[in-house]
Amino acid sequence: MKGVWLVLPSIRRFNHKFNRGAIGLIAVLMLGLTVGCSNSRNNGNAAEAAAPSPSPANTAEHSETRIISTIKGDIEIPAHPKKVAGMLYVFADHLLALGIEPHALVTYNDLGFPEYLADRMKDTIAIGSGEAPNLEALLEAEPDLILASKTLNEANYEQLSKIAPTILFDNENEEDWTRFRQTAEIFGKEAEADQIHTDYEAKVAKVKDELAAVAPNETVAYLRVQDKQLQLIQPGDNFTLFGPLGLTPASVEGIDFKDSWNVAISEEVLPELNPDRMFIILRPGESNKTALDNIMSTSIWANLTAVKNKHVYIGDANLWFAGYGPIGLSNVIDEISGAYSPES
């Protein structure tokens with residue numbers, strides 16, 4: 001009947017031109033239209049009531065949601081989530097690489113958001129550390145989708161699910177780019193993820209060739225200062241320095257890693273390594289900085305080849321050991337490349 005009411009003003013403006021018969025005819029026509037519209041509405045309601053309930057797939061489609069399969073079964077999520085919360089540090093990197101600012105995110109060991117991403121997360125709400133998330137803060141943030149980790153969040157999955165649809169990923173042992181693509185699939189951004197990966201591989205190939213030309217015979221030691229200890233990292237293809245960039249590790253013969261990827265060493269071991277370059281990743285905290293300063297003040301340190309040639313690079317652990325998304329991985333390549341530049 002909405003169309004009829006739109007016509008009425010026009011009739012009222014010109015009804016002085018019609019005789020009474022015409023007016024009566026109009027009244028009859030309008031009555032017929034009113035009855036017709038009323039019947040139409042009633043018939044429509046009756047048909048709706050008689051129709052079978054739509055299937056879950058149709059419901060999801062018409063209410064702008066969709067069903068996805070997870071390790072917790074099929075769940076319904078928004079088709080276009082606007083307020084995404086991440087319960088694992090790496091989700092910040094994944095989302096930002098895809099052009100999505102996280103709405104809420106855990107921090108890395110209470111150290112705040114990663115420095116290399118912080119300027120892109122000005123509106124992101126902090127919800128505690130990954131190991132001890134603040135579920136009250138998460139509830140107040142009112143996310144419409146939560147990305148979570150089986151390792152850290154299976155115990156509180158039910159609580160998370162009551163706040164918003166929660167996707168529990170069981171992929172922490174997967175390759176970094178596999179994990180990134182799985183995140184991208186949630187948002188229908190597989191093509192963007194594949195292009196980002198392709199660009200990264202091209203960048204790695206270029207830098208690898210450049211480093212091979214600049215320092216073909218140099219050796220590298222990869223170390224970390226954590227818990228006030230100097231730790232030597234076992235060379236392996238899973239680390240950017242030795243795998244993707246193909247740099248030559250200093251000999252670690254005689255070093256017992258005890259089936260671990262790292263081992264604490266004293267500064268007395270450094271002369272045995274005596275690499276041409278050292279990459280030392282410093283964990284935050286004054287105690288770690290003091291431990292490194294103490295090592296760097298020794299005569300052992302001063303006599304190392306890398307130190308004499310000023311080929312020691314100090315890196316941020318939040319990037320090198322937690323930035324396993326496309327942005328972090330790319331930034332690490334840039335920093336390694338920069339360490340080999342003549343100006344460094």
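Student: Is K83 buried, exposed or partly exposed?

Tutor: Buried means under 20% relative accessible area, exposed over 50%, and partly exposed in between, with a 1.4 Å probe and protein chains only; K83, at 27% relative accessibility, therefore counts as partly exposed. The model is a predicted one, in which local features need pLDDT of at least 70 and side-chain atom pairs count only at pLDDT 80 or more, while totals for chains, interfaces and linings use all residues. Residues are numbered from 1 along each chain as its sequence is written, and side-chain values use heavy atoms, with hydrogens and water left out.

Student: With which residue does K83 form a salt bridge?

Tutor: A salt bridge is a side-chain nitrogen of Lys or Arg within 4 Å of a carboxyl oxygen of Asp or Glu. K83 pairs in this way with E142, the closest N and O atoms being 4.0 Å apart. K83 lies in the loop between β2 (73-78) and β3 (84-86), and E142 in the loop between α6 (135-141) and β6 (145-149), so the pair ties together parts that are 59 residues apart in sequence. E142 is exposed, with a relative accessible area of 54%.

Student: How should I read a salt bridge within a helix?

Tutor: An α-helix has 3.6 residues a turn, so residues three or four places apart point the same way. Helices are DSSP runs (H or I, at least four residues), as are strands (E, at least two), numbered from the N terminus. In helix α10 (residues 190-214), E210 and K206 are four residues apart, about one helical turn, and their closest N and O atoms are 2.7 Å apart.
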